[in-house]
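User: Please take me through the packing of this protein, with the cut-offs behind each term.

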Amino acid sequence: MSSLRIAFIIGSTRPDRVGPTIAEWAFDHATGRGDAAYDLIDLAHVGLPLLDEPEPAAAHHYRHEHTKRWSRLIDSYDGFVFVAPEYNRGVSAALKNSIDYLYAEWNDKAAGLICYGSSGGLRAGEQLKSTLGEVQIATVRAQVSLSIYDDMVDFVQLAPRDYQVGNLDAMLDSLLRWAAALRALRAGLVSP
């Protein structure tokens with residue numbers, strides 16, 4: 001069986017954001033492990049407008065080319081690492097919008113979370129878990145929670161505390177186990 005494919009999704013699109021810096025830190029560490037094929041997806045470059053499909057995503061009748069491209073991209077992965085900022089106690093609108101565009105493409109896949117904000121992004125993480133559960137993504141328990149006070153300098157320069165790499169490895173280890181199990185389920189190699 002081929003290597004698992006995992007996408008890091010940068011969930012912020014605002015100018016001067018720290019999401020790409022956080023994603024690159026985690027992505028570089030993950031690729032150094034050599035245990036899966038990792039890619040970076042930046043929602044700022046995906047080009048999804050505010051949800052504009054006339055039918056619900058579960059119908060899988062996409063009319064717009066941007067949705068079809070997004071569908072093909074997400075469908076090609078076994079799991080995801082969502083790099084999610086906390087805005088006003090929740091996830092960014094861009095991240096929520098990107099999830100809402102699709103349904104079946106997310107089903108029976110795994111996700112890990114890297115959240116960041118004043119409270120370590122914990123409230124956004126809880127909201128994100130609820131949303132991901134609705135599209136049938138299994139989120140792993142281990143996650144990385146970065147504080148803008150304790151893991152950054154001047155709220156913008158990433159300086160993660162030493163133990164954060166251990167949190168990242170624990171999340172990735174769990175993510176890969178779940179992604180492998182769910183890929184076998186999707187392939188019909190195990191019964192539901």
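User: Which residues touch the most other members of the largest nonpolar core?

Analyst: This is a predicted model, in which local features need pLDDT of at least 70 and side-chain atom pairs count only at pLDDT 80 or more, while totals for chains, interfaces and linings use all residues. Residues are numbered from 1 along each chain as its sequence is written, and side-chain values use heavy atoms, leaving out hydrogens and water. A nonpolar core is a set of buried (under 20% relative accessible area, 1.4 Å probe, protein chains only) Ala, Val, Leu, Ile, Met, Phe, Trp, Tyr and Cys residues joined through side-chain atoms within 4.5 Å. In the largest such core, which has 31 residues, the members that touch the most others are F8, I22, Y38, I114 and L172.

User: Which element gives the largest share of this core?

Analyst: Helices (H or I, at least four residues) and strands (E, at least two) are DSSP runs numbered from the N terminus. Those giving two or more residues to the core include β1 (5–10), α1 (19–33) and β4 (109–117). The largest share, seven residues, comes from α6.

User: Is E53 buried or exposed?

Analyst: E53 is placed in the loop between α2 (43–46) and α3 (65–75). Because its relative accessibility is 11%, E53 counts as buried.

User: Which residue's side chain does E53 join through a polar contact of 2.6 Å?

Analyst: Leaving aside residues up to four places away in sequence, E53 touches (heavy atoms within 4.5 Å) several residues, including H61, H64 and Y101. A polar contact is a pair of N or O atoms within 3.5 Å; within protein, one must be able to donate a hydrogen and the other to accept it, and residues adjacent in sequence count only if both atoms are side-chain atoms. The 2.6 Å contact joins the side chain of E53 to that of T67.

Definitions and conventions: Buried means under 20% relative accessible area, exposed over 50%, partly exposed in between (1.4 Å probe, protein chains only).
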